[in-house]
Amino acid sequence: MSDISLIVLLPLLAAVLTAALPPQAAAVGALATALNALLAANLGRQILQGGPVTEAIGDWAAPLGIAFVADGLAGVMLAMTAIVGLAVSLQAAAGPARAGFWPLWMATLGALNGLFLSSDLFNIYVAFEILGLAAVGLTALAGTRAALRAAFDYLTAGLVGSLLVLLGIALSYSVTGRVDMEAVVLLTQSDTGRIALALIAAGLVVKAALFPLHFWMPAAHSSAAPAASALLSALVVKGALYLVLRLSLEGGAGTEFLRNTLAVLGAGGMLWGAWNALRAERLKLLVAHSTVAQIGLIALAIGVAGNPFETGLWQAAALLMLSHALAKAAMFLAVGRIAEALGHDRISGLNREELRPGPAEFAFAIAAISLVGLPPTAGFIGKWFLIEGLIDEGGIHWIALILLGTALSAAYLSRVVSRCLRGGPHVAATAQRPPWRTGDVAALGLATGALLLGLAAALPITLLETPFA
Amino acid sequence: MTELLHFAGIGLMIAGTAFLAMAALGVWRLPDLLSRLHVLTKADTAGVALIALGAACLAQSFAATLSLLLCTLLVALSGATTGHLIARDHVESASSQEESP
Amino acid sequence: MISDFAFLLSGAGLIGLALFRLATSADLLMRVLGLNVLAIGIAMVLLVAARGAAGTDAVPQAFILTGIVVLVGVTAALLALAERVAEARDE
Amino acid sequence: MMVFDAVLAAACLVAAAMALFARDRIAAVAAFLVMGLLIALAWLRLGAPDVALAEAAIGAGLTGALLLRSAHRIPAAPTKPLPSAQWLGAGVLSVAVGGAIVWTSMSIGAAPAYPPLVAVAVPESGVENPVTAVLLNFRAWDTLLEIAVLFAALAVVAVVKPVRPRIAPLGPLMLPFARVVLPLTILLAGHLLWQGGHAPGGAFQAGAVLAGGAIALGLSGAVRPIRWGRAGLAWLSILGLAAFAVAALAAELLTGALLGYPAGAAKAWIIAIESALTLSIAATLLLLFFGPAERH
């Protein structure tokens, strides 16, 4: 059995097993995540050695059948999912078991893998529906009134988004007569086709929580449980961003109108998210608004990258997605631990005399460094790549915006970090460090991963440079 | 023979449609729930049965007739059951309203 | 042809009506209804596009069938959530 | 027929408007049900009987049952007067999107790529109904993910734990009703499942009919599928995804292609998968209606 078949089907089988055997759910889920990581690594190795790997399901050729294509971008996304997944599984397996977490998380994993590999728009729509439902379930797991309300709004917004995508796919069929990825370049050749593409992109903007259609997101991401928030913020929104990037890649010069819009929306999101993060009173809400800002940055990067047939600047966007996934997952896991130790997550209450900063605070600080984009983190490599390319192309105003966004992110993250890492006279002599937990290992591991990825950035860049299908 | 069945089928279908139209008119014009229900259940079932009979005459196949028979049976059954339930609910709530104040 | 055009107008109208309702109503049940009408409108537009001289293309038909099943699942989840939201409000 | 189609198309719109703008919630749901039936008729007129069957059974039938169950439990939101800018914006948006759709669909596009491919491939697919061939052979991966959507929906409902619907006994009609409906439902589901190979029908319609019959019987108090069978139903509901995924991998072991059925045996594979899916879909829909877990 090929790695591609296994990587899309194993999570779904694990979802069934975890639903059928709740007592063994954690063991099965952790095992499946580990296997998934091995498969992703092996697939990445194959792509590095022999270029894109493809598979026609049931031996039916596209457009009638559906093809899986594992190229460099898909490989990086699968690896991102696998790494974040490992940490989240570790945290969830060690923490208090919530019934229902594992089947939902496994369904999320299966949907993401299928989404990254599929090269058929309708198939991607169905994968989005699994992803949307599972993500809503993860939000609702918290069980509070706020979480339930946020879950309803999340599902409504997500469904509007996916129905807009479906409408775009229907019009794509009406214009080009097909719905596989080949249709994208055909769509860019006529006004009617561009309407179809614009509808798909509009749906994706809702699903990716890109400004100004991000209204549903901060509540959902901040009211979920920590492991769920990490998945939602680090991975689930990436599904839609990935497809936006893929459309930009497939369309080439013809998707310039989408990239221009995306750049403007991205810039707006970056500033709006940062402004709200500066004013947030609760830690989780700050991190959620920071996701709005970071999604804006990624969209901006996709938008200003220019025609992907001519420049490799889009790789910066992929790197930013990767580094944001690691750092943001680490941050949400760390916030979960901090809130657990303190009993609340008010930012003003992070200053405390009786408790020394623990590993979770440390993980938060490293993740913050990566999000701001200081060397040697992965966030730095992504931003550097982008700014370097923009200098060559003379996009000074975009560089100014990116730097402004960076300064703002440093400002809002330092609100937390400066309070977390206080020492010296502010801490009582009798203060204790919080005890180590597995959750700390997961958060710290991811944060270290984000840090080290900056040093090992050659690997994902080589992977991204394999010619896309 | 075939021609005759054809015309008979069309005639039956027209009659059935007339019944259904009558039922609709009744629901629209009649004043209270019970009389509406009265016209609905009877005219509705008869209308569907006539249309099914007409369709069977037109189709002239055993399999089609069998499934049409099944359709009629289901419509008659569900119509009667729901009609009964609605009426019962109405009577019960009316009597409980009389008792309570 | 004229029939197809009538159904196309109806499909576009359903989508328009649903979008209008979704943008103006805060009522949870109305949102669920609006999303369902939106999906039906999309299916109508797709099916009109699938019409050809040799009959209706089978692949979009399969898409719509899939869409119907997906939608009933999502509707069930939406309604369950809406019920719990209402209940939590009462508590 | 042109006049009929035009009236039907207009009636769909009117019913939708009634559903979306009704003041009374039950009236809104009733209008939605009427629209579902009209839409099923429209699908028939557009040459898609498979879709029409599914729409009548699932879109109008089961969605209608779900909506009726929930209508009185979801209180109406207090109506706040909206700013007229929002009304205007919503109107402009709707008209713009609707207009764009009509314009895009009216302009001549490329001919659909699928019909010639389907025509060539159907003889090899193991079934004669092209829609079933697409759903369970050419694009079976879509269908597998669709089953995963149902699984995810059930997982969400299990997390949310809604209140169980109220059972209102049918009184003296209970026994005769159950006696007729139960065998008819099973007969019809079996018929639809078998027919799907060569005529409109298939696992989804059959599963929905089975679930519909079971819901009617459950609500009437005639049988209590939920009380004695919740665990069994839960197992059945996940059976579909499990069987489909295992079959996909098993087929790859045999033929080297994911979901590639062995030559000559495609029909047997499809019927086996469809049978598992029918039971599983019925169980899933039933649990989506009654709630998968007892509340504590």
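# Exercises on a four-chain model

Chain D holds 11 helices and 0 strands. The model is predicted. Work through the tasks below with the structure open.

## Exercise 1. The build of chain D

Task: Describe the pattern, the extent and the burial of chain D.

Solution. 
Step 1. Read along the sequence. The pattern is α-α-α-α-α-α-α-α-α-α-α.
Step 2. Take the C-alpha trace along its principal axes. It spans about 65 × 60 × 40 Å.
Step 3. Turn to burial. Chain D has 296 residues, and buried residues make up 55% of them.
Step 4. Look at contacts between residues at least 6 apart in sequence. In chain D, 72% of these join residues at least 24 apart.

## Exercise 2. Two domains in chain D

Task: Find the domains of chain D and describe how they meet.

Solution. 
Step 1. Domain 1 of chain D covers 1-72, and domain 2 covers 126-296.
Step 2. Take the centres over C-alpha atoms. Those of domain 1 and domain 2 of chain D are separated by 23 Å.
Step 3. Count the contact residues. Domain 1 of chain D brings 11 residues, and domain 2 of chain D brings 14.
Step 4. Sort the domain 1 side by class. It has 8 nonpolar, 1 polar and 2 charged residues.

## Exercise 3. One arginine in chain D

Task: Is D:R179 buried or exposed?

Solution. 
Step 1. Locate the residue. D:R179 sits in helix α8 (residues 174-195) of chain D.
Step 2. Count its neighbours. There are 11 other C-beta atoms within 10 Å of D:R179.
Step 3. Apply the cut-off. A residue with 12 or fewer such atoms is exposed, so D:R179 is exposed.
Step 4. D:A208 lies 29 residues away along the chain, and the C-alpha atoms of D:R179 and D:A208 are 20 Å apart.

## Exercise 4. Which chains touch

Task: Which pair of chains shares the most contacts?

Solution. 
Step 1. There are 4 pairs of chains in contact, and chains C and D share the most contacts among them.
Step 2. Note pairs that do not touch. Chain A and chain B do not, with their nearest C-alpha atoms 34 Å apart. Chain B and chain C do not touch either; here the nearest C-alpha atoms are 22 Å apart.

## Exercise 5. The contact of chains C and D

Task: Describe the side of chain C that touches chain D.

Solution. 
Step 1. Count both sides. Chain C gives 63 residues and chain D gives 72.
Step 2. List the elements of chain C that each supply at least two residues. They are α1 (2-24), α2 (28-49), β1 (51-52), β2 (55-56) and α3 (58-90).
Step 3. Pick the largest share. It comes from α3(C), with 23 residues.
Step 4. Sort by class. The chain C side has 43 nonpolar, 14 polar and 6 charged residues.

## Exercise 6. The contact of chains D and A

Task: Which helix gives the largest share of the side of chain D that touches chain A?

Solution. 
Step 1. Count both sides. Chain D gives 44 residues and chain A gives 45.
Step 2. List the helices of chain D with at least two residues each on this side. They are α4 (84-106), α5 (114-125), α6 (130-138), α7 (140-160) and α10 (225-255).
Step 3. Pick the largest share. That is α7(D), with 15 residues.
Step 4. Sort by class. The chain D side has 34 nonpolar, 6 polar and 4 charged residues.

## Exercise 7. Helix α14 of chain A and two partners

Task: Are α13(A) and α14(A) roughly parallel or antiparallel? Are α14(A) and α17(A) roughly parallel or antiparallel?

Solution. 
Step 1. Start with helix α13 (residues 314-342) and helix α14 (residues 359-372) of chain A. Their axes come within 8 Å and cross at roughly 155 degrees.
Step 2. Angles over 145 degrees count as roughly antiparallel, so α13(A) is roughly antiparallel to α14(A). The crossing is left-handed.
Step 3. Name some residues. In α13(A) they include A:A327 and A:M331; in α14(A) they include A:F364 and A:L371. By class this contact has 11 nonpolar, 2 polar and 2 charged residues.
Step 4. Move to helix α17 (residues 438-455) of chain A. It packs on α14(A) at about 25 degrees, with the axes 9 Å apart.
Step 5. Angles under 35 degrees count as roughly parallel, so α14(A) and α17(A) are roughly parallel. This crossing is left-handed.
Step 6. Name some residues again. Among them are A:F362 and A:I366 of α14(A), and A:L444 and A:L451 of α17(A). The classes are 11 nonpolar, 2 polar and 1 charged.

Notes:
Residues numbered from 1 in each chain as written. Chains lettered and ligands numbered in written order. Predicted model: local features only at pLDDT ≥ 70, side-chain atom pairs only at ≥ 80, totals over all residues. Domains from an automatic or database assignment. Contact = placed C-beta atoms within 7 Å. Nonpolar A, V, L, I, M, F, W, Y, C, P; charged D, E, K, R; others polar. Axes fitted to C-alpha atoms, helices over the stretch in contact; angles between N-to-C directions. Helix = DSSP H or I, 4+ residues; strand = E, 2+ residues; numbered from the N terminus. Parallel < 35°, antiparallel > 145°, perpendicular 65-115°, else oblique. Left-handed = near helix turned anticlockwise from the far one by under 90°. Buried ≥ 20, exposed ≤ 12 C-beta atoms within 10 Å, placed from the backbone.
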